[in-house]
Structure formats: C-alpha cells, structure tokens
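Hi everyone, and thanks for coming. I'd like to walk you through a structure that may be new to you, so please have a look at it first.

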Protein chains: 2
Amino acid sequence: MPTMTAAQKRSQVKADYDAFLAGCPSRQLLDRISDKWVALILAALGSDGPHPAGDCTGEPQSMRYSELSRRLAGVSQKMLTQTLRSLERDGLVTRTVTPTVPVTVTYELTDLGLSLHHLMRAIKEWAEAHMDEVLGNREEYDTRST
Amino acid sequence: MPTMTAAQKRSQVKADYDAFLAGCPSRQLLDRISDKWVALILAALGSDGPHPAGDCTGEPQSMRYSELSRRLAGVSQKMLTQTLRSLERDGLVTRTVTPTVPVTVTYELTDLGLSLHHLMRAIKEWAEAHMDEVLGNREEYDTRST
DNA sequence: AGTGCCTACTTCCCGTTGGAGAGTAACCCA
DNA sequence: TGGGTTACTCTCCAACGGGAAGTAGGCACT
C-alpha cells in the first residue's frame, strides 16, 4: 500500500510543474501581448491615415482616445481604457492630457512600444501571407468532418 | 429638429466603421494567434527536451497529449483539447492516433505551424530582452500612483 | 471476477471576464 | 435651460474558461 494514490501522485506532478512554464519570463509578457486588444492598439498607433480595408501600414503617430475608439471598431470603451492603462503602465505608450476646451487625451507609442510594434507588423505580414492557406485548411477540415 | 440625434449619429459612425478593422484579414488570424494557449502550445511543440526555467528553444518535435498537458502547466484539459482542435483545423498542427495499448495521440507542427513558430520565437526573444524594462516601468508607475 | 489504472477526452458547475449601454464631470454654445 | 463635446466610469448580464468529475476501452494485478 503506497503512501500516495495515483490521483495524489498526479496532483504532485502537476505542482512540480506549476513553477515551470509559469515562471518562464516570456509567459508574463506573452499574456500581455496576446491580449485581444493590445495588438490592435499597437497596430493602430503604429499606422497612420485612414487605410483601405486591411491596410495597417504607415508611420507611427499619436492618436486621441476617440480616434482609437473609432478606429478599433468593436472595442468597448471599458476595454479600450483598461488596455491603454496597462500599456501605459508597461511603458509601451505615453498618455498626455491637454487641457483644451473639452479635454484632449493623446496616446503615443514609446520606443519600447515601437519595437514591439515592429514584431506585430511581422505577424501581420505572416497573417496576410498565410491567410488563404489557413482558410483553405479550415474549409477542408470542415467538409471532411461533415 | 434634425432627423438624427447625436446618439443616432454616433451609432451610424460606429456601423460605418464596423466593417473596417473587423474586415482586416490580419484581425481574424490575430484573434487566433493571440489566444492564451496557442502561443504556448506552439512554443512547446517547437522546442524539445526538458528545459530549465524559461528556456523554450530547441528543435521541433511531436508531442503526446499528456506531454503537452504536463508541459503547459496550468492549461485545463478542456482548453488543451479545444485549442489543439482549432490548431488542427487551421492546419498548424497534425493529429495522429496510434492504436497502441492505451491509444496514443501525438501532435506535431506542420510547415505552416513551424513558420508561425519562428515568429513566436522572435516574440519570446523580444520578451526576454525587454522584460526588465517593462517590469521597471510597472514598478515606477505603481509607486507614482500610490 | 473485481478492483484499479491508463490515456484522451467530454461534461457539468461556477467564478471571472468582457460587452452594451447609461451615467458622470467639466465646460461651451444658443 | 437644454443640448453638445470628450474621456471616461459604473452597472448589469451573457459567455468564456478553469476545476473537477465522468467516460470509453482495455491491460494487469490478485
């Protein structure tokens, strides 16, 4: 009769590994980067001008809260504010308040944010290059299982 | 009395933009990539061997379901299965069932998945390079507001 | 024969997250 | 006084995801 049942052993193994990938330094930043809206905000702040369907290139520029809100169609104000705050906290964007008639708040990428933006740009390019392939795979997979 | 109140106009503007970034081809793939577990699974399948705290490099290899489950400490079985299915659907990983004594299911990166993994590797490197900076920024931000 | 264990899931319950929409502050305009 | 602006904040609720337990199909011990 062992001191540990199989179930207990399983928990033990799990606990042993908990400090493993959870402690990976990439993991914490990965969680931040893989936030639904972070990538889009970076993309928006990294691009300029109104871009025709899907074009996210261009020079970095500062944007107002309302501009971002309009640009990132689908983002709730709550999440936009929240995400911008966390990006500011991480030093990826700067937040500047200008006390004009109605207050104006502008957000801009820092150098750090800009460097991350370059990575995002690469991902966007990958996405555009392989979009068709992925879509094709999905279709095939769906018809196969139907 | 205008035909449109300001509120209605706002909804109108929103609807106009809804088809905008939502239709961006990057957006759909971005949603997939920025899934909490996708990046981690890709990292796991792209690395090999047990790696000491935070080391996610190495050669791609196939892994069993249970291996992944152990490696990605913290993932629920539900999400692991779900995520693997969607990755398979997208053609990023292959799923092979070998009818051994207890069935063995192995997952492996496809070429497409491998190419995405390279991007992930770049992100991991960025994360490691700038982790300290971000952590410093956070600390500063937190002390400032306290 | 019965109990237990294995893998690779699926199912159920429930807490947290995030969206929709209304409310707020501070000020301008008619 | 009523409406407008911007940049939020708050409240309510649906849905996503985690934890734990259940399932199928078969080996292995006793």
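This is a predicted model: local features need pLDDT of at least 70, side-chain atom pairs count only at pLDDT 80 or more; totals for chains, interfaces and linings use all residues.

**Two helices in chain B**

Let's begin with a pair of helices: in chain B, helix α3 (residues 38–46) and α5(B) have axes that come within 10 Å and cross at roughly 75°.

Now on to the strands. Chain B has an open sheet of three strands, in the order β1-β3-β2, and the pairing is antiparallel. At the edges sit β1 (63–64) and β2 (93–98) of chain B, each of which pairs on one side only. If you follow β2(B) and β3(B), you'll find them paired in the antiparallel sense over six bridges. One spot to look for is Thr98(B), which stands opposite Thr104(B) in β3(B).

And here α5(B) comes back into the picture: this helix packs on the sheet, where it touches β2 and β3 of chain B. Its direction makes about 115° with that of β2(B).

**DNA strand C**

Let's turn to the DNA. How many residues surround DNA strand C? There are 21, and the closest are Lys78(A), Met79(A), Gln77(B), Arg95(B) and Val105(B). Of the atoms of DNA strand C that come within 4 Å of the protein, sugar and phosphate account for 68%.

Which element gives the most to the surface near DNA strand C? That is α5(B), with four residues. At least two residues each come from α5 of chain A and from α4 (65–71), α5 and β3 (104–109) of chain B. By class, this surface has nine nonpolar, six polar and six charged residues.

Some side chains here have an N or O atom close to a phosphate oxygen of DNA strand C. For Trp37(A) the distance is 3.2 Å, and for Arg64(B) the value is 3.2 Å. For Arg85(B), the phosphate oxygen is 3.4 Å away.

**DNA strand D**

Last stop, the other strand in my tour. DNA strand D is surrounded by 22 residues, the closest being Gln77(A), Arg95(A), Val105(A), Lys78(B) and Met79(B). Looking at the atoms of DNA strand D within 4 Å of the protein, 69% belong to sugar or phosphate, and the rest belong to bases.

Which elements each supply at least two residues of the surface near DNA strand D? They are α4 (65–71), α5 (77–89) and β3 (104–109) of chain A, together with α5 (77–89) of chain B. The classes here are nine nonpolar, seven polar and six charged residues.

Ser76(B) has a polar side-chain atom 3.3 Å from a phosphate oxygen. With Arg64(A), the partner is a sugar or linking oxygen, and a polar side-chain atom lies 3.1 Å from that oxygen.

Key
Residues are numbered from 1 along each chain as its sequence is written. Chains are lettered from A and ligands numbered from 1 in the order in which they are written. Side-chain values use heavy atoms; hydrogens and water are left out. A residue is near a molecule or strand if one of its heavy atoms lies within 4 Å of it. A polar contact is a pair of N or O atoms within 3.5 Å; within protein, one must be able to donate a hydrogen and the other to accept it, and residues adjacent in sequence count only if both atoms are side-chain atoms. Ala, Val, Leu, Ile, Met, Phe, Trp, Tyr, Cys and Pro count as nonpolar, Asp, Glu, Lys and Arg as charged, and the others, Gly among them, as polar. Two strands pair if DSSP finds at least two bridges between them. Contact means heavy atoms within 4.5 Å. Axes are lines fitted to C-alpha atoms, for helices over the stretch in contact, and angles run from 0 to 180 degrees between N-to-C directions.
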